[in-house]
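Colleague: Before we discuss the terms applied to this chain, please display the sequence and the coordinates.
Modeller: Here they are.

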Amino acid sequence: MKILKYIIIIGFFISFNSCSDDLLIEKPKDFLSPNNSFNKPEDIESALNHLYNRIRSYNGGKYWDYSYLHYGTDLAQYSRSKTAYLGDYNSTLLPTSGVASTYWSNYFKMIFNSNVILSRIDAVPYLSEQDKAVHIAEAKFFRGYAYRSLVHLYGGVPIVEEEITSPKRDFVRATKEETLAFAIKNLEEAAAVLPSVADVSSEGKASNAAANHLLAELYLAIGDPDKAIVAANSVISDPNIELMTTRFGSKMNEEGDPYWDLHQQGNQNRSSGNTEGIFVIQVDNSTAGGGAEDNYNYNNSNALSFERNYGPIYWQVKTPAPEGISISFGPTTQQGGRPVAFVTPTGYVTETIWKNGNWDIDLRNNERNIQRNWTVDNPESSWFGMKTSDFPQSWKDGLSEQDTMMFFTPYITKVTTKNDHPDFILANPETGEVNSLAGITYHDWYLMRVAETYLLRAEAYLAKGNLDLAAKDINKVRERSNALPVDPSDVDIDYILDERLRELNSEEPRRMT
């Protein structure tokens with residue numbers, strides 16, 4: 001009987017299926033696509049927010065993507081090997097390498113999303129034509145930014161001006177000159193419409209100053225210093241933008257300096273009194289998707305993980321023999337979090353560029369800004385309370401190359417929030433020890449600030465042979481950090497590149513520079 005029952009049941013389903021061929025065909029009642037996703041200005045705003053999210057992700061300090069813009073330059077190397085990750089071009093920079101496709105695909109995704117916005121926006125009803133114009137300008141800003149990045153990395157690339165709605169494989173690379181021209185066209189159109197830094201709708205939004213800053217760079221790339229000067233002038237002369245030359249912000253009452261203040265938690269945006277930032281990547285510790293929120297760690301794709309990847313593993317440094325135990329009871333907020341040293345600064349950036357009278361004078365080389373010394377806080381050590389600078393020379397001489405690359409390299413402190421990590425990342429709030437998932441940089445991050453604009457204008461003056469004005473712009477930046485002024489006769493492109501390292505180390509995409 002059981003067999004007969006099963007036969008009847010199976011026969012029923014076979015009969016049912018034969019009468020209903022479409023039984024298992026899914027018929028969704030609705031789904032999102034570009035055709036039904038853009039019905040109101042808020043939808044465009046949401047699409048633009050995704051582009052701001054992408055710009056944060058692309059510049060987030062992760063060793064497997066952003067750091068390639070630092071590896072193999074005079075700024076940094078991969079600390080785990082001499083040859084890996086662009087230390088040896090013949091073995092690591094190949095057409096099949098992930099690094100070759102990462103930036104290509106990322107920036108073309110930004111271009112695709114910008115094109116979707118530009119293609120769909122005319123069908124969206126706006127109550128304010130000005131709001132619509134700003135949204136168009138923002139999309140062009142991101143498209144121009146993407147092409148600016150691509151042309152610096154690859155030369156000429158395919159120019160895609162319209163949304164692609166069907167499979168396409170017949171792309172043709174434009175020339176480098178055509179690609180530069182297209183990036184400039186987008187940024188010029190954006191600059192003409194975007195509001196000033198004082199009038200953007202919220203912190204971190206693109207402004208006309210951000211577009212003009214990029215234009216100054218691109219005009220230099222096409223060999224037009226006159227236009228570069230005009231673009232830089234529009235930024236530098238903006239009454240809302242100025243170098244920060246006095247103490248400000250969340251730690252202004254602590255020992256420090258204006259350059260140090262720039263990189264403290266909460267100090268990057270205009271709301272803190274900072275007039276130097278032009279485009280600031282936003283991080284929010286308390287907002288889901290904000291890049292550093294509770295329960296997120298350095299593996300979060302939205303997080304800025306400079307601390308994790310750019311700092312030394314100081315917490316594994318050993319005291320001198322015969323004791324040989326860790327100088328630290330663990331990674332702590334007091335000492336700079338929990339870095340693991342995938343990216344190591346070169347001796348050029350931590351030593352060479354500070355010589356010739358700058359070592360003890362330039363505040364950017366102060367122990368606050370480039371830490372070279374640690375206090376032994378492991379109570380089990382006989383060296384407790386002493387500094388590593390007190391260790392005997394024999395200990396320093398005995399450090400291996402790997403020690404100096406991973407464990408005891410100088411720490412460029414702008415990448416961390418020393419003594420200022422949020423409570424949710426602390427394993428022990430009483431001692432300051434951070435948990436094993438620590439590594440996020442818990443402050444907003446500069447994509448552009450006016451100190452760089454001065455150095456771009458100095459480069460333009462140099463190209464015109466006006467060394468006096470070039471030196472004046474460089475010294476404007478150096479004066480803030482109490483550095484010795486440069487003589488006009490000493491200004492050349494190498495000096496400007498070194499000054500960019502002194503001022504913008506870890507901030508600028510050095511490979512593009």
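**Terms and their grounds**

Modeller: The protein chain has 17 helices and eight strands; helices (H or I, at least four residues) and strands (E, at least two) are DSSP runs, numbered from the N terminus. This is a predicted model, in which local features need pLDDT of at least 70 and side-chain atom pairs count only at pLDDT 80 or more, whereas totals for chains, interfaces and linings use all residues. Residues are numbered from 1 along each chain as its sequence is written, and side-chain values use heavy atoms, with hydrogens and water left out.

Colleague: Why is Ser114 called buried?
Modeller: Buried means under 20% relative accessible area, exposed over 50%, and partly exposed in between (1.4 Å probe, protein chains only). Ser114 has a relative accessible area of 0%, so the residue is buried. Ser114 belongs to helix H5 (residues 98-120).

Colleague: Which residues does Ser114 touch, not counting those up to four places away in sequence?
Modeller: They are Leu51, Ala139, Phe142 and Arg143, where contact means heavy atoms within 4.5 Å.

Colleague: How much of the chain is buried?
Modeller: Buried residues account for 53% of the 513 residues.

Colleague: What share of the contacts with a separation of 6 or more joins residues 24 or more positions apart?
Modeller: Such residues supply 70% of those contacts in the protein chain.
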